[in-house]
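Hi there,

Here is the structure I promised to hand over.

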Amino acid sequence: MKKHWQLLLNSTLNSYSTVFFSNNKLFALLILLVTFIDVSAGLSGLIAVLFTNIVAYLMGYNKTFISKGSYAFNSLLVGLGLGVTYEFTLAFGILLLLSAIFTFFLTIALDGIVGKYALPFLSLPFLFAVWLF
C-alpha cells in the first residue's frame, strides 16, 4: 500500500515540475504552493493531476511514465486554466474531471501518433482541451 501512495506522491509532484522541464521535488512543491494563490485554480489543478494519475494507474499504463508526471502535466494545465475561468461548483467539478480524463486520453493518442516520429507534442493536449472546454 505504501508503494501506491509513493507512486501517487511522486507522480503528482513530478507533474508540477514537468511543466518547467524539471524533476526537482522541492521546485515542484513550490509550484504547487504557488498555484494556491488562487485557491480555485490550485485546487482544480491538484484534483486534475490526482484524478489523471489514479486513472492512468488503474488502467495499467506505464508506471515509469506515470511517476515522471508525463501523463498528467497537461491535465494540470487544463485544471489550472479552468479553475481560473470558472466558479467551483458541482457542475464545474464534473467538467473538471471530464476535461482531465479527456486531456489524458489526448496525451496518450498524440504520444502514439506524433511520438512514433520522435517529435515532441508537449502542450498540444492542453491547448486542444482548453479550447474545447
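**What I found**

Read from one end of the sequence to the other, the chain runs α-α-α-α-α-α-α. That makes 7 helices and 0 strands, where helices (H or I, at least four residues) and strands (E, at least two) are DSSP runs numbered from the N terminus. The radius of gyration is 14 Å, close to the 14 Å that the globule rule gives for 133 residues, so the chain is as compact as a globular protein of that length. For that comparison, the radius is taken over C-alpha atoms, and the rule is 2.2 Å times the number of residues to the power 0.38.

Before the details, a word on conventions. This is a predicted model, in which local features need pLDDT of at least 70 and side-chain atom pairs count only at pLDDT 80 or more, while totals for chains, interfaces and linings use all residues. Residues are numbered from 1 along each chain as its sequence is written, and side-chain values use heavy atoms, with hydrogens and water left out.

**The chain as a whole**

Along its principal axes, the C-alpha trace spans about 40 × 35 × 25 Å. Of the 133 residues, 41% count as buried; buried means under 20% relative accessible area, exposed means over 50%, and partly exposed is in between (1.4 Å probe, protein chains only). Among contacts (heavy atoms within 4.5 Å) with a separation of 6 or more, 66% come from residues 24 or more positions apart. The chain exposes about 7,400 Å², and carbon and sulfur atoms supply 75% of that area. Accessible areas come from the Shrake-Rupley method with a 1.4 Å probe, and for residues only the protein chains shown count as cover.

Helix α6 covers residues 90–115, which is 26 residues, and reaches 36 Å from its first C-alpha to its last, close to the expected 38 Å at 1.5 Å a residue. The expected span is 1.5 Å times one less than the number of residues in the helix. Its buried residues include F92, L96, I101, F104, T107 and V114. The partners that the buried residues of α6 pack against are α3 (39–58), α5 (73–85) and α7 (124–132).

Neighbours within four places in sequence aside, L96 is in contact with S44, I47, A48 and G79. With neighbours within four places left aside, T107 is in contact with S70, Y71, N74, F121 and P125.

Now for α5. The end C-alpha atoms of α5 are 19 Å apart, which agrees with the 18 Å that its 13 residues should span at 1.5 Å a residue. Buried residues here include F73, N74, L76, G79 and L82. The cover over the buried residues of α5 includes α1 (2–18), α2, α3, α6 and α7.

**The surface**

Which residues form a nonpolar patch on the surface? They are F20, F27, L30, V34 and I37, with about 510 Å² of accessible area together. Patches are made of residues with over 30% relative accessible area and no salt bridge, joining like charges within 9 Å and nonpolar side chains (Val, Leu, Ile, Met, Phe, Trp, Tyr) within 5 Å. A salt bridge is a side-chain nitrogen of Lys or Arg within 4 Å of a carboxyl oxygen of Asp or Glu.

V34 is in α2 and is partly exposed at 45%. V34 and L50 are 16 residues apart in sequence and 17 Å apart in space, C-alpha to C-alpha.

One backbone angle to check: F21 has a positive phi of about 55° although it is not a glycine. F21 is in the loop between α1 and α2 and is exposed, with a relative accessible area of 70%.

Finally, K3 lies in helix α1 and is exposed at 63% relative accessible area. The C-alpha atoms of K3 and I94, 91 residues apart along the chain, are separated by 29 Å.

Best wishes
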